[in-house]
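Look at the sequence and the model below.

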Amino acid sequence: MDMNSRIAMFPGSFDPPTNGHIDIIRRSNALYDKVYVVVADNSSKKAMFTAAERVGLLEALVADMPNVEVLSWGGLTVDFARKHGVGVIVRGVRALTDFAYEFEIAETNRQLCPEIEVVFLPTNPKYFLLRSSMVKEVAFYGDEIKGMLPEIVSKALKQRVSEMRNQE
Ligand code: ADP
């Protein structure tokens, strides 16, 4: 399919989705005609939530964003882009440490598919240090940093931690 610069995708693990992700999705919804939020369904990575659970949480969180569609994908980002006519990959950048990594992925994707453009949106400063792995770590010890998670994610996370503790 021809790639369209009005159609964007925001790929990630979203394990779980945070307010930092939602901020980037909301801003992308305002910038593009269509935004695919693409949940990595990567069986080799150990996730706390299944891809279907992450899609379900994200769908509830983007219900008021008309241009956004949430899907899961187990392949290369550029193959999703080709299949859906996506012309732009959106990535959020936080602390400076993100930059080297993001630059590397962008360059890899550019070599695989030169027609695709990568757009970096700077994080909202409130979420400068927010990452899903930190959220999980804190949750595992029974706590939460205020203002970082949507209510439904916070609930799902507490539930999952208690299930994990019961299995121990
Ligand atoms: P994480 O690093 O939080 O596990 P993901 O793999 O789910 O993130 O990341 C998907 C995209 O979301 C990436 O472009 C990442 O930079 C972006 N992102 C993650 N957290 C934030 C945040 N707090 N602010 C802005 N962008 C973010």
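The model shown here is a predicted one. Its largest pocket holds about 1300 Å³ of space. There are 48 residues lining this pocket, and those closest to its centre are Gly12, Ser13, Lys45, Arg91 and Tyr101.

Which elements give two or more residues to the lining of the largest pocket? Three of them are strands: strand 1 (4-12), strand 2 (34-40) and strand 4 (86-93). The others are helix 1 (19-31), helix 3 (77-84), helix 4 (97-112) and helix 5. Helix 4 gives the most, with 9 residues in the lining of the largest pocket. Sorted by class, that lining is made up of 21 nonpolar, 15 polar and 12 charged residues.

The second largest pocket comes next, with about 170 Å³ of space. Its lining has 14 residues, and Val138, Ala139, Asp143, Glu144 and Leu157 are the closest to the centre. Helix 5 and helix 6 each supply at least two residues of this lining. By class, the lining of the second largest pocket counts 9 nonpolar, 2 polar and 3 charged residues.

The axes of helix 5 (residues 132-140) and helix 6 (residues 151-167) come within 10 Å and cross at roughly 55°. Angles from 65 to 115 degrees count as roughly perpendicular and those under 35 as roughly parallel, and the crossing angle here is roughly 55°, so helix 5 and helix 6 are oblique to each other. Their crossing is right-handed. On the side of helix 5, the contact involves Val135, Lys136, Ala139 and Phe140. These meet Leu157, Val161, Met164 and Arg165 in helix 6. The residues of this contact divide into 6 nonpolar and 2 charged, with no polar ones. Ala139 and Leu157 take part in the contact, and both are also among the residues closest to the centre of the second largest pocket.

Helix 6 has another partner. How do the axes of helix 2 (residues 51-61) and helix 6 lie, and at what angle do they cross? They come within 10 Å and cross at roughly 155°. An angle over 145 degrees counts as roughly antiparallel, and therefore helix 2 and helix 6 are described that way. Helix 2 contributes Glu53, Leu57, Ala60 and Leu61 to the contact, while helix 6 contributes Ile152, Val153, Ala156 and Arg160. By class, the contact of helix 2 with helix 6 has 6 nonpolar, no polar and 2 charged residues.

Conventions:
Residues are numbered from 1 along each chain as its sequence is written. This is a predicted model: local features need pLDDT of at least 70, side-chain atom pairs count only at pLDDT 80 or more; totals for chains, interfaces and linings use all residues. Side-chain values use heavy atoms; hydrogens and water are left out. Axes are lines fitted to C-alpha atoms, for helices over the stretch in contact, and angles run from 0 to 180 degrees between N-to-C directions. Helices (H or I, at least four residues) and strands (E, at least two) are DSSP runs, numbered from the N terminus. A crossing is left-handed if the near helix is turned anticlockwise from the far one by less than a right angle, and right-handed if clockwise. Contact means heavy atoms within 4.5 Å. Ala, Val, Leu, Ile, Met, Phe, Trp, Tyr, Cys and Pro count as nonpolar, Asp, Glu, Lys and Arg as charged, and the others, Gly among them, as polar. On a 1 Å grid over the protein atoms alone, a cavity is a set of points where a 1.4 Å probe fits but cannot get out, and a pocket is an open set with protein on both sides within 12 Å along at least five of seven lines; lining residues have an atom within 4 Å of a point. Grid points are joined across faces, edges and corners, and a volume is the space filled by probe spheres set on the points.
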